Amino acid sequence: MSSIGFSTGALCKDALAEAIDASDQMHLEAIELSALRLRELAGLVDYVNAHDLSRFKYVSVHAPTDYTADQEPEVADALLKVATTFHWPVVVHPDCFRNTTSWKPFGKWLCIENMDKRKTCGRTVEELRPLFDEYPEARLCFDIAHAHQVDTSMTEAYRILREFGTRIVQLHVSEVTSGSRHDRISEGALRAFQEVAEQLPRTAPIILETPVLVSEAQAEIEKASRIFTAALLETTR
Amino acid sequence: MLFGSGGRFEVTSGSDPDWTLLVDGQANAKHQETATRAGVAIDEIAGKPPGREGIFGALAFSHSLIQYIGGQDDTNANLTRRILLLLESKAIGREDAHRRVVNAVLDRYLATDRGWMSGHTPYGVPRFLFNDIARYWRTVTVDYAYRQWTRNNQGWALRRAKLRMSRKLTYAAGLMYCFRLAGESREVPMSELDSGWKLRGIETLSGLTMSTPLDILADAFMTAPPLHAVGRHAFDSYDRFLGVLDNRDTREHLDTLPVDGAGSDEQYQFLRDLGERFQDSLSTLFIRDGRSRYPRLIEEYGVF
């Protein structure tokens with residue numbers, strides 16, 4: 001069974017330490033340390049250098065999405081140090097690559113996330129392929145909610161998993177609204193996600209991006225685990 | 001979205017700008033304003049409004065196309081938009097939205113076709129989709145007669161030529177569209193969890209939607225080498241037909257041709273001959289020549 005955890009930004013926005021404490025209280029094995037806003041990055045770096053997170057089986061870092069081209073080398077340098085020191089994948093949005101040389105040194109620690117419909121790159125097989133050509137060692141953060149929003153039939157999800165499934169290092173799970181906001185997983189989305197459950201790597205950690213109160217987190221974890229329930233029943237039949 | 005000749009990549013000097021603002025997202029009161037502004041801009045470029053039937057030049061919502069297949073809410077306009085979305089549509093705006101709606105419509109056809117999903121339909125043709133495409137074609141032919149009646153035969157000659165050529169081409173391509181899934185065999189026994197079968201089907205058909213009816217028909221002839229000569233007849237006829245449509249004088253002449261003048265009208269007779277040659281080629285492809293798989297599939301699906 002995959003490790004499950006939350007993105008710290010989803011669990012406690014702007015409060016990294018609180019989100020980690022909440023994850024500890026739920027005995028979660030996976031966590032994604034979120035620095036979606038550039039102003040969060042320095043605090044994240046200071047925190048991980050000062051605290052031991054080895055109790056988590058899986059840790060990743062989500063890179064900022066709001067830096068300028070001028071800031072990119074400094075951002076990439078800070079993230080590279082974290083990645084190579086702790087051996088944690090760094091999740092980067094495809095539209096955030098401006099200067100490819102900044103990201104080449106990441107090798108396998110670079111984790112590219114498939115995008116939602118607002119973006120003009122990284123949404124489909126055809127849009128992801130040039131990125132993996134550019135970064136051949138990079139891995140994939142498969143955001144099943146983004147794939148569902150891009151194509152509710154899950155055909156594009158199926159295509160991405162067929163083409164890049166072996167690159168998957170973690171899953172992002174939530175529901176993404178038509179306005180591209182992360183939301184709790186609905187029954188409709190859950191049924192759609194189950195359509196590609198058999199293609200999802202069983203061991204890939206699941207990172208929930210659903211915005212929930214800490215008191216509601218366990219229920220959301222149980223719902224997310226249902227993505228695999230049907231597939232598990234099938235394989236053991 | 002562009003439909004009609006624009007969607008088929010067959011625009012001629014007399015083509016109607018058959019467009020629709022396809023909405024796939026949250027309801028928004030501003031959508032009508034956007035459609036109105038788009039209409040003004042498109043009319044200005046095309047120099048004329050969309051066709052008279054009122055199906056185009058308006059808003060359409062993905063929800064209706066996906067949810068209302070059959071039943072009282074599946075109006076003539078909804079049926080037309082849905083089938084033409086699959087068979088002759090091109091995005092002039094967001095290609096990703098086009099693909100998303102096409103895939104969702106195909107999901108609806110395939111997921112609810114229990115026979116096809118279970119691999120029990122003969123040769124693997126999706127019967128639900130096939131039947132709806134056939135229904136659309138029959139609707140087009142009946143509406144042709146209705147318009148003759150309600151418009152006192154005005155513009156009948158061009159309408160008839162289009163029925164026998166471009167409308168029939170779309171139908172023929174629709175048959176081939178469904179037949180493209182024929183021969184696919186399921187690798188695992190049916191279960192509700194075997195979504196890969198359905199998703200592969202959607203992927204194949206969605207790819208065909210991004211081509212044109214002429215491409216789909218050409219592919220059918222090309223993959224049946226004994227029928228290459230027949231294919232040349234079909235495409236020669238169609239090419240000449242487009243030549244007629246592109247001739248302004250001929251169009252104007254045909255647009256005002258009275259019914260009782262057709263027997264002695266050279267230009268109409270020329271079009272009629274093209275229609276018969278095109279039909280003859282299609283009959284050979286679909287029915288007469290057993291060297292391809294198509295007559296077998298038509299026997300299985302085409303009548304009952």
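Okay, let's start with Phe142(A) and what sits around it. Leaving out residues up to four places away in sequence, Phe142(A) touches Asn114(A), Ala147(A), Ala157(A), Ile160(A), Leu161(A), Ile168(A), Gln170(A), Leu171(A), His172(A) and Leu200(A). Keep in mind that this is a predicted model.

So where does Phe142(A) belong? It's part of the largest nonpolar core, which has 163 residues. Phe142(A) is listed there among the residues with the most contacts inside that core, along with Leu33(A), Trp103(A), Tyr177(B) and Phe179(B). Which helix gives the most to this core? That's α8 of chain B, residues 156-179, with 15 residues. There's also another core apart from it, of 7 residues, and Val91(A), Cys141(A), Val169(A) and Ile207(A) are among them.

A quick word on confidence. Chain B averages a pLDDT of 92, and 96% of its residues score at least 70. For the complex, the predictor gives an ipTM of 0.86 and a pTM of 0.91.

Now, one residue I'd like you to look at is Glu32(A), which you'll find in strand β2 of chain A, residues 30-34. Glu32(A) is buried, yet it has no salt bridge. How far away is the nearest side chain of opposite charge? That's Arg37(A), and it's 11 Å away. What Glu32(A) does have is a polar contact of 2.6 Å, side chain to side chain, with His172(A).

Over to chain B and helix α13, residues 266-288. Its buried residues include Tyr268(B), Leu271(B), Leu274(B), Gly275(B), Phe278(B), Ser281(B), Leu282(B) and Leu285(B). If you follow the helix along, remember that an α-helix has 3.6 residues a turn, so residues three or four places apart point the same way. What covers the buried residues of α13(B)? The cover includes α8, α10, α11, α12 and α14 of chain B. At the N-terminal end of α13(B), the cap is Asp265(B), with a side-chain oxygen 3.2 Å from the backbone nitrogen of Gln267(B).

Last stop: Arg248(B), in helix α12 of chain B. Buried or exposed? Arg248(B) is exposed, because its relative accessible area is 61%, and the cut-off for exposed is over 50%. Arg248(B) and Thr12(B) are 236 residues apart in sequence, but their C-alpha atoms are 9.6 Å apart in space.

Key:
Residues numbered from 1 in each chain as written. Chains lettered and ligands numbered in written order. Predicted model: local features only at pLDDT ≥ 70, side-chain atom pairs only at ≥ 80, totals over all residues. Heavy atoms only, no water. pLDDT = per-residue confidence, 0-100. Core = buried A, V, L, I, M, F, W, Y, C linked by side-chain atoms within 4.5 Å. Buried < 20%, exposed > 50% of the residue type's maximum accessible area, 1.4 Å probe, protein only. Helix = DSSP H or I, 4+ residues; strand = E, 2+ residues; numbered from the N terminus. Contact = heavy atoms within 4.5 Å. Lys, Arg positive; Asp, Glu negative; His and termini not counted. Salt bridge = Lys/Arg side-chain N within 4 Å of Asp/Glu carboxyl O. Polar contact = N/O pair within 3.5 Å; in protein donor to acceptor, adjacent residues only side chain to side chain.
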